[in-house]
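Please open the structure in a viewer and follow the stops below in order. Each stop names a selection and then describes what is found there.

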Amino acid sequence: MATDIPSIMSHVSIGTNDLKRALKFYDAVLATVGGRRQHEVPGVAVAYGKFFPEYWVQKPLDGNAAGTANGVHFSFIAPDREAVHAFHAAALAAGATDAGAPGPRPEYGPDFYGCFVYDPDGHKIEASTIPG
């Protein structure tokens, strides 16, 4: 059993009602934090990550409309504050809605720096540096 894996997460999946629009958005935004397409199921889904598929963007497999959940958001690790700003700017340019400009968030820790946006499907996403 591998004990040196740096995360407890394998991956997350989000639904989209417009795959083409969502992929254009995530191609631009995730590149700012080192993410790229790792796996594709043409016309159905794309998985992004640095080294393996971590964040799936896909049409709902049950054929129903994709939705969002209140209180749920997904955070991406930014290597530095400049990347947080680049993530925020790329997201807004690609159609996101601002949910919190880049800046310190002392309520999350003394060194926490991040931003929040809603993607074009309404999913809340974040980029932040790792305190420490």
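In this tour, a contact means that heavy atoms lie within 4.5 Å. The model on display is predicted.

**The whole chain**

Begin by selecting the entire protein chain and colouring it by secondary structure. It holds 2 helices and 8 strands, arranged from the N terminus as β-α-β-β-β-β-α-β-β-β. The chain's radius of gyration is 15 Å, close to the 14 Å given by the globule rule for 132 residues, so the chain is as compact as a globular protein of that length. Along the principal axes, the C-alpha atoms fill a box of roughly 45 × 40 × 25 Å.

Next, display the surface. The accessible surface comes to about 7,700 Å², and carbon and sulfur atoms account for 56% of it. Of the 132 residues, 39% are buried. Colouring by charge shows 10 positive and 14 negative side chains, with the centres of the two sets 6 Å apart.

Now select strand E7, residues 113–118, and within it Val-117. Is Val-117 buried or exposed? Its relative accessible area is 0%, so it is buried. Leaving aside residues up to four places away in sequence, Val-117 touches a group that includes Phe-87, His-88, Ala-91 and Leu-92, as well as His-123, Lys-124 and Ile-125. Ala-99 is also among the residues touched; the C-alpha atoms of Val-117 and Ala-99 are 4.6 Å apart, although 18 residues separate the two in sequence.

**The salt bridges**

A search of the whole structure finds 3 salt bridges. For one of them, select Asp-121 and Arg-21, whose side chains meet with an N to O distance of 2.9 Å. Asp-121 sits in the loop between E7 and strand E8 (124–128), whereas Arg-21 belongs to helix H1 (residues 19–30), so the pair ties together parts 100 residues apart in sequence. Asp-121 counts as buried at 18% relative accessibility, while Arg-21 counts as partly exposed at 33%.

Key. Residues numbered from 1 in each chain as written. Predicted model: local features only at pLDDT ≥ 70, side-chain atom pairs only at ≥ 80, totals over all residues. Heavy atoms only, no water. Helix = DSSP H or I, 4+ residues; strand = E, 2+ residues; numbered from the N terminus. Rg over C-alpha atoms; globule rule 2.2 N^0.38 Å. Buried < 20%, exposed > 50% of the residue type's maximum accessible area, 1.4 Å probe, protein only. Areas by Shrake-Rupley, 256 points an atom, 1.4 Å probe, with all protein chains shown as cover. Lys, Arg positive; Asp, Glu negative; His and termini not counted. Charge placed at Lys NZ, Arg CZ, Asp CG, Glu CD. Salt bridge = Lys/Arg side-chain N within 4 Å of Asp/Glu carboxyl O.
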